[in-house]
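Visitor: I've got a model up on screen and a few residues I'd like to ask about. Can you walk me through them?

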Amino acid sequence: MPGTPFGVVHLDVPAVTSGLAVGSLVAGIVSILVSLLVACVGVVGADGDGAWAAGAFTALGALTGAGAVGVGLFGLQQIRRPLPPPAVRFTGRGLAWAGVSCGGVGLLLNLGGLGLALLLGMS
């Protein structure tokens with residue numbers, strides 16, 4: 001305060017990248033990689049138990065894809081929430097959106113790979 005011996009100090013806290021956004025992106029990428037495994041196992045093992053193995057991996061890929069979408073949406077909510085100045089601010093909106101989109105694509109690719117494995121296993 002000017003004219004007094006006292007002062008008001010606001011500490012400048014640097015912005016931190018949201019861990020939820022980073023986790024969402026990692027889970028989305030894992031979901032896409034598992035979907036490639038589902039498709040490969042389904043095509044290679046079409047004459048035997050390939051559909052069963054693809055189904056097992058589809059469960060893993062679908063869970064990671066759905067988790068990536070959920071955690072990414074929570075990360076967006078965390079980034080969007082306004083807090084007073086001494087609190088920590090979060091960044092990483094692009095990472096969160098990339099995690100949501102990768103998770104959704106991974107989820108769809110996993111289900112498509114399972115469908116392909118079932119189609120080839122029935123013929």
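Predicted model: local features only at pLDDT ≥ 70, side-chain atom pairs only at ≥ 80, totals over all residues.

Visitor: Which helix is S31 in, and which residues is S31 in contact with, leaving aside its neighbours within four places in sequence?
Guide: S31 has its place in helix α1, residues 19–44. With those neighbours set aside, the contacts of S31 are G61, T64, G65, G103, G106, L107 and N110.

Visitor: Over to G94, then: buried or exposed?
Guide: G94 is found in helix α3, which covers residues 93–122. Exposed takes over 50% relative accessible area. G94 comes in at 53%, so G94 is exposed.

Visitor: How far apart in space are G94 and A51?
Guide: In sequence, G94 and A51 are 43 residues apart. Going C-alpha to C-alpha, the distance between G94 and A51 in space is 36 Å.

Visitor: How many disulfides does a search of the whole structure find?
Guide: A disulfide needs a pair of cysteine sulfur atoms within 2.5 Å. The search of the whole structure comes back with 0 disulfides. Take C40, which is in no disulfide: its nearest cysteine sulfur belongs to C102, and the distance is 18 Å. C102 is likewise in no disulfide, and its nearest cysteine sulfur, that of C40, is 18 Å away.

Note on methods: Residues numbered from 1 in each chain as written. Heavy atoms only, no water. Helix = DSSP H or I, 4+ residues; strand = E, 2+ residues; numbered from the N terminus. Contact = heavy atoms within 4.5 Å. Buried < 20%, exposed > 50% of the residue type's maximum accessible area, 1.4 Å probe, protein only.
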